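Visitor: I have just opened this one and would like a slow walk through it. Could you take me through the helices and then the sheets?

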Amino acid sequence: MTRSESVPDDAADSRDDELVGRAFGKYTLARVIGRGGMGVVYEALHTAIGKRVAIKLITAELARNKDAVRRFQREAQAASAVESAHIVDIFDAGMNDEGIPYLVMELLRGEDLGHRIKRLGRLELDEALHVTVQILRGHARAHAAGIVHRDLKPDNVFLVDRDDDSGFVKILDFGISKVARSGDVPVQTLTKQGTVLGTPFYMSPEQAQGLPDTDGRADLWSAGAILYECLTGRAPHTGASYEQVIVNICTKDAADVRAHNPGVPEPMAKAISKALAREREDRFA
C-alpha cells in the first residue's frame with residue numbers, strides 16, 4: 001500500500017522510522033509506506049513464509065483513546081465482513097506487547113485515485129467509468145453485508161497495478177463505517193447522534209447534517225462526487241472552509257459537470273446529477 005496521507009511532524013516520523021527492522025510477532029517491519037491521522041502503515045515480511053504484507057499500527061497516543069481503538073478495530077471487522085475483490089483484504093488483527101492495535105493487510109502496489117487525479121489533472125471518460133464501476137461493485141457487496149462506508153473519497157480508492165489491469169480498484173479504510181444490519185446483530189455505529197464524520201468534499205447532505213439514519217445512498221452520493229472529480233479535476237462542492245463546504249453541500253446543487261468538462265456526454269452528466277441529488281429519494285436506489 002504505497003500511499004501517504006497527512007504527514008505528521010518530524011518527531012513522529014522519527015518514532016515511526018525507529019520501528020523499521022524490528023520484529024513484530026511473526027513479521028519484520030521493512031519500511032514506512034504511508035502515514036495518516038490514525039496511524040502508520042509499514043511494508044513487512046512474514047518471516048516464516050517470506051510473504052510481504054502491509055501492517056497498519058495505530059499511533060501510541062491514539063492507542064490510549066478507547067473510541068479511536070474501537071474505530072481501528074471496526075476497520076478490520078467491516079472490511080472482513082465483505083467478500084469482494086474490490087475491498088482490501090485484512091488477514092489478521094490484534095495488539096502488540098505494548099498494547100498497540102495493529103492490522104495485517106494485503107500489500108498493494110500502485111497509487112490512490114487522489115494522487116492519480118492530481119498527477120493527470122483529470123481522467124479520460126473510459127478510465128473514470130472503469131474506476132467508478134469497480135467502486136460500485138465493491139459497495140454493492142458492502143451494502144449487501146450491511147456495511148455503509150461513510151468515508152469514500154479518492155484517497156481511499158487504491159488503483160492496483162496488476163498484469164491485466166493498471167487500474168484495479170481496492171477500497172480502503174472502513175474506520176468510520178456503519179453496520180446497518182447483520183443478521184440478528186443490532187445496528188452499530190462509532191458515532192453519536194449529531195456527530196459529523198467523514199471528508200467534507202465527498203460527504204452526502206444527510207451525513208453532513210449528522211442524521212442518524214444514514215444509509216447506503218450516502219456512499220452512492222460519494223461515488224457520484226468521485227466520478228465528478230475524476231472528470232473535472234475538482235470536487236462538485238468547494239468552499240473557503242470546512243463549514244462552507246458543508247453549507248454548500250446541504251443547500252446548493254452541484255454545477256453541471258459539463259460546465260468544467262464539456263466533453264462529458266449528456267446521459268453521463270444526468271446520471272451524475274442524479275447521484276448528487278440533495279434528497280436521498282431523488283438519487284439512485
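**Helix pairs and sheets**

Guide: Let us begin with α6 and helix α8 (residues 266-275), whose axes come within 8 Å and cross at roughly 140°. Axes here are lines fitted to C-alpha atoms, for helices over the stretch in contact, and angles run from 0 to 180 degrees between N-to-C directions. Helices (H or I, at least four residues) and strands (E, at least two) are DSSP runs, numbered from the N terminus. This is a predicted model, in which local features need pLDDT of at least 70 and side-chain atom pairs count only at pLDDT 80 or more, while totals for chains, interfaces and linings use all residues. Residues are numbered from 1 along each chain as its sequence is written, and side-chain values use heavy atoms, with hydrogens and water left out.

Visitor: How are α6 and α8 oriented to each other, and what is the hand of the crossing?

Guide: They are oblique to each other, because angles under 35 degrees count as roughly parallel, over 145 as roughly antiparallel, 65 to 115 as roughly perpendicular and the rest as oblique. The crossing of α6 and α8 is left-handed, a term used if the near helix is turned anticlockwise from the far one by less than a right angle, with right-handed used if clockwise.

Visitor: Which residues meet there?

Guide: From α6 there are L220, W221, G224, L227, Y228 and L231, and they meet M268, I272 and A275 of α8, where contact means heavy atoms within 4.5 Å. The residues of this contact divide into 8 nonpolar, 1 polar and no charged. Ala, Val, Leu, Ile, Met, Phe, Trp, Tyr, Cys and Pro count as nonpolar, Asp, Glu, Lys and Arg as charged, and the others, Gly among them, as polar.

Visitor: And how do α4 and α6 cross?

Guide: The axes of helix α4 (residues 125-144) and helix α6 (residues 216-232) come within 10 Å and cross at roughly 165°, which means that α4 is roughly antiparallel to α6. In this case α4 passes α6 in a right-handed crossing. Among the residues that make the contact are L129, I135 and H139 of α4, together with D219, A223 and C230 of α6. The residues of this contact divide into 11 nonpolar, 4 polar and 1 charged.

Visitor: Switching to sheets, what is the strand order in the sheet of 3 strands?

Guide: That open sheet has the order β7-β9-β10, with antiparallel pairing, and two strands pair if DSSP finds at least two bridges between them. Its edge strands are β7 (110-112) and β10 (165-171), each pairing on one side only. On average, neighbouring strands of this sheet are turned by 25° against each other, direction ignored. Between β7 and strand β9 (residues 157-162) there are 3 bridges in the antiparallel sense, and G110 stands opposite V160 in β9.
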